Amino acid sequence: MTRSLVRSVLAIAAVLAMSAAVRAHHSFSAAFDENNPVSVTGVMAEIRIENPHSWFFVNVTDETGKVTRWGFEGNTPTSLLRAGYKRDAVKVGDKVTIKGSRARDLTATMGAAREIVLQDGRSFIVGPRGAADAQ
């Protein structure tokens, strides 16, 4: 009886773990609106090159001096490397403009990054095609 109980508990735990992973990953169109472009300029605050998606966080200062942190989802590390992006291409503290698609939740300061443009004009494609390509 105890073996079947252990097996049942392990099976339930496995199902719960898999369902959490499936919920964590989403389709582009579920989270972002490719018809709603966004472009923000600010200072790179954090860069996470990790699976399943990379993230770029930018501190944007408005005309009153208020700083708002924006988060942009990018491609996987492998996709970034294939596109020519190197880990040190953009650094924390760099002034950047990120172009992409706005999150469907308009109260969230986030989007899907398409391109990161550095102050010196260099640019990197870091995400899927979408609204930013129409800009």
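Predicted model: local features only at pLDDT ≥ 70, side-chain atom pairs only at ≥ 80, totals over all residues.
Visitor: Which residue in S2 is the bridge partner of Glu 46?

Guide: The partner of Glu 46 is Phe 57.

Visitor: Is Phe 57 buried or exposed?

Guide: Phe 57 has a relative accessibility of 13%, so it counts as buried; the cut-off for buried is under 20%.

Visitor: And S4, how many bridges does it share with S1?

Guide: Strand S1 (residues 32-48) pairs with strand S4 (residues 95-103) over nine bridges, in the antiparallel sense. Within that topic, Arg 102 of S4 stands opposite Asp 33.

Visitor: Turning to the rings, how many aromatic pairs are there?

Guide: The structure contains four aromatic pairs. In one of them, the ring centres of Trp 55 and Phe 57 lie 5.9 Å apart with the planes at 20 degrees, so this pair is stacked.

Visitor: Why is the pair of Trp 70 and Phe 72 stacked?

Guide: Its planes are at 15 degrees and its ring centres 5.9 Å apart, so the pair is stacked; planes under 30 degrees apart count as stacked.

Visitor: Are Trp 70 and Phe 72 buried or exposed?

Guide: Trp 70 and Phe 72 are both buried.

Visitor: Which residues do ring pairs link into a cluster?

Guide: The cluster consists of Phe 56, Tyr 85 and Phe 124, linked by ring pairs.

Visitor: Let us step back to the whole chain. How many helices and strands does it have?

Guide: The protein chain has three helices and six strands. Along the sequence, their pattern is α-α-β-β-β-α-β-β-β.

Visitor: What share of the residues is buried?

Guide: Of the 135 residues in the protein chain, 34% count as buried. The chain's accessible surface is about 8,400 Å², and carbon and sulfur atoms hold 56% of that area.

Visitor: What share of the contacts comes from residues 24 or more positions apart?

Guide: Among contacts in the protein chain with a separation of 6 or more, such residues account for 56%.

Visitor: Finally, what is the average pLDDT?

Guide: The protein chain averages a pLDDT of 83, and 75% of the residues score at least 70. Over residues 19-23, however, the pLDDT is below 50, and this stretch has zero contacts in the model beyond near neighbours in sequence.

Definitions and conventions. Residues numbered from 1 in each chain as written. Heavy atoms only, no water. Phe/Tyr/Trp six-rings, centres within 6.5 Å; stacked < 30°, edge-to-face > 60°. Buried < 20%, exposed > 50% of the residue type's maximum accessible area, 1.4 Å probe, protein only. pLDDT = per-residue confidence, 0-100. Contact = heavy atoms within 4.5 Å. Pairing = 2+ DSSP bridges. Helix = DSSP H or I, 4+ residues; strand = E, 2+ residues; numbered from the N terminus. Areas by Shrake-Rupley, 256 points an atom, 1.4 Å probe, with all protein chains shown as cover.
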